[in-house]
Amino acid sequence: MVRATQLLHPRREPVAPRPAATVLLMRDGPEGVELLMTRRSPTASFSPGAYVFPGGAIDAADAKAHALAARRPSQGDLLLTQAIAAIRESFEEVGVLLARHADGSPVTAREVAALDREAPFFEQCSAAGLTLAADDVFVLAHWITDRDLPRRFDVPFLVARMPAGQSPRADEAEQFEPEWVRPADALARHEAGRFFMVFPTIRTLQRLTRFARVDEVLATCAGDKPLWTSCPRGGLLRGAEARYMEHEMQFGELALVCPDGQMLHHLDWRTDEPVALLKNVTRLTAPNPGVMTGPGTNSYIVGDPSSGYLVIDPGPNEPEHIDRLWRATGGNIRTIVCTHSHPDHSPGARPLQALCKEKPPILGLGSRPTARTDSEFHPDRELANGERVVLEGGGATHTLHVVHTPGHAANHLCLVLIEDGLLFSGDHVLNGSTTVVSPPDGDMTAYIDSLDTLMAACDTFGIEFILPAHGHVIGFAKEAIAHLKAHRLQREAKVLAAMRAKPNGTLEEWVELAYDDVPQRMWPVAQRSLLAHVQRIESLQLA
């Protein structure tokens, strides 16, 4: 866990979210699924003027009305309470009632119109002999309002089929202008600036665009578990607020820099100045963007003025970048470490060392005989597996634990900042792409074994965040590594299937089958990892 003393921003307690429920009423339209949406009052305290689905806070009475509702055997008490709240809100806000009589016949539009939307809801339903059709309400998603907002809700997004014969009528107090809209159309109108929606609504609609019929949605939601759960995080991008879900590339960095949800961190890629991630960790991205490097190679500066600094991966021999590294540390560099010898990582080490008055040692693993000619690297001293490099001063200690991780390159290593549970992963784990494993210096079996080593390190050192050489910080470290391993093994299964489909095939023929989900322009690069998979498969078959 990151030390509180190293956080950039003062801790604060986000507002506690209030339980609520929202229901997406659906019908089959001529061009696919349509959803009922309404516009919130421009003076509403939450999401004013936004187009939303019916819903609101859960009342204490909702949990006491279970006897009035039908339920599925798998529908627990909480799900039932949420469904009841959604049914009540749907009636109060848009005049749609999900209910039936004792004989199973649905409530009619005339009966719904006879009910008073301002009077106590449950008493009216009981007096009319109605059973709430909570068993027809299913959970689609679970959203928790972003930590930075002053009003927060913990809300399931539920789905139900619009009752036949009923027509929505907005209450003209909280909700206005009910209309049926396809998810894709709502998104297009929002993009055009004519249909304002908040983040959870947008992301929910994006997930629903793939469904053609209401039955498909309901069948997908039949398991009584949300298809996703998210408490988004926000940052600043091009000067505007931007929000992200847990699976997106920016989420982990926002969780590291602003754990309590402060809307303060800029996500724009900068090569002209350092970006502080913690008080003791700064990133400076080299100006070498490209297909293989993404936004550029990340150099990391660990330490503080009292302890001095350690620079990880000084990057290519790019004079302006090297000068910025030197200036960011005030020249107080105690150690330079290269995670491996590739030309976008290690060539800057010697020029950076030369700038320093007290020449810091360059540490790492020397390039092996299998390395490419452009990847020659000879450190001042080789780092042993499990060795620790310590920075101390002013009462602060920053300890980096060395983990040998061959695979991407034979001399690859990672570093764990023990006190803060951070993994500097070099090219072994990237954000937004998988690393190339190119024989002979790259080895797929070694790469996958090293992933296991890193997962074990996550347990040993409590690693929560990964700081890769390319891309933003990655959160949920162990899960991210496990996902990466699963992806590699799934790819290997496709490689094996391609080899079996064309037993006398070439790499060019196999890549078309095994990497059919990758743009064709990337196939020449993919062939390198394909060869590594082929070699691994052949070695396993011979074992």
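Helices (DSSP runs of H or I, at least four residues) and strands (DSSP runs of E, at least two residues) are numbered from the N terminus. This is a predicted model, in which local features need pLDDT of at least 70 and side-chain atom pairs count only at pLDDT 80 or more, while totals for chains, interfaces and linings use all residues. Residues are numbered from 1 along each chain as its sequence is written, and side-chain values use heavy atoms, with hydrogens and water left out.

**View 1**
Start with the overall picture. The C-alpha trace spans about 85 × 65 × 40 Å along its principal axes. Of the 543 residues, 56% count as buried; buried means under 20% relative accessible area, exposed means over 50%, and partly exposed is in between (1.4 Å probe, protein chains only). Now for contacts, meaning heavy atoms within 4.5 Å. Take those between residues at least 6 apart in sequence: 64% of them join residues at least 24 apart.

**View 2. The largest nonpolar core, with 36 residues.**
A nonpolar core here is a set of buried Ala, Val, Leu, Ile, Met, Phe, Trp, Tyr and Cys residues joined through side-chain atoms within 4.5 Å. Leu-25, Ile-87, Leu-97, Phe-121 and Leu-132 touch the most other members of this core. Strand E1 (18-29), helix H2 (77-94), helix H4 (121-127) and strand E8 (153-161) each give two or more residues to the core, and H2 gives the largest share, 8 residues. Zoom in on Leu-132: leaving aside neighbours within four places in sequence, its contacts include Leu-68, Ile-84, Ile-87, Leu-97, Phe-121 and Cys-125. Elsewhere there is a second, separate core of 32 residues, with Met-37, Phe-138, Phe-157 and Phe-199 among them. As background, nonpolar side chains tend to be buried together in soluble globular proteins.

**View 3. Helix H5 (residues 183-191) and its buried residues.**
What covers the buried residues of H5? The cover includes strand E2 (32-40), strand E9 (175-181) and helix H6 (199-208). After H5 comes Gly-193, whose phi is positive, near 85°.

**View 4. An aromatic cluster of Phe-53, Trp-143, Phe-157, Phe-199 and Trp-228.**
Rings of Phe, Tyr and Trp (its six-membered ring) pair if their centres lie within 6.5 Å; planes under 30 degrees apart count as stacked, over 60 as edge-to-face and the rest as tilted. A search of the whole structure turns up 9 such pairs. One of these is Phe-53 with Phe-157: their ring centres are 6.1 Å apart and their planes are at 85°, so the pair is edge-to-face. Phe-53 lies in the loop between strand E3 (51-52) and strand E4 (55-57), and Phe-157 lies in strand E8, so the pair ties together parts 104 residues apart in sequence. Phe-53 is buried, at 4% relative accessible area, and Phe-157 is buried at 6%. Trp-143 and Phe-199 also form an edge-to-face pair, because their centres are 6.2 Å apart and their planes are at 90°. Here Trp-143 sits in strand E7 (residues 138-144) and Phe-199 in helix H6, so this pair ties together parts 56 residues apart in sequence. Both Trp-143 and Phe-199 are buried.

**View 5. Glu-248, in the loop between strand E12 (240-244) and helix H8 (251-257).**
Buried or exposed? Glu-248 counts as buried, at 19% relative accessibility. Its side chain reaches the backbone nitrogen of Met-245 at 2.6 Å. Not counting residues up to four places away in sequence, Glu-248 touches Phe-199, Arg-203 and Arg-243. Gly-432 is 184 residues away from Glu-248 in sequence, yet their C-alpha atoms are 8.7 Å apart in space.

**View 6. Glu-253, in helix H8.**
Glu-253 counts as buried at 0% relative accessibility. The side chain of Glu-253 makes a polar contact with the side chain of His-265 at 2.7 Å. A polar contact is a pair of N or O atoms within 3.5 Å; within protein, one must be able to donate a hydrogen and the other to accept it, and residues adjacent in sequence count only if both atoms are side-chain atoms. Beyond four places in sequence, the contacts of Glu-253 include Leu-267, Leu-277, Arg-283 and His-472.
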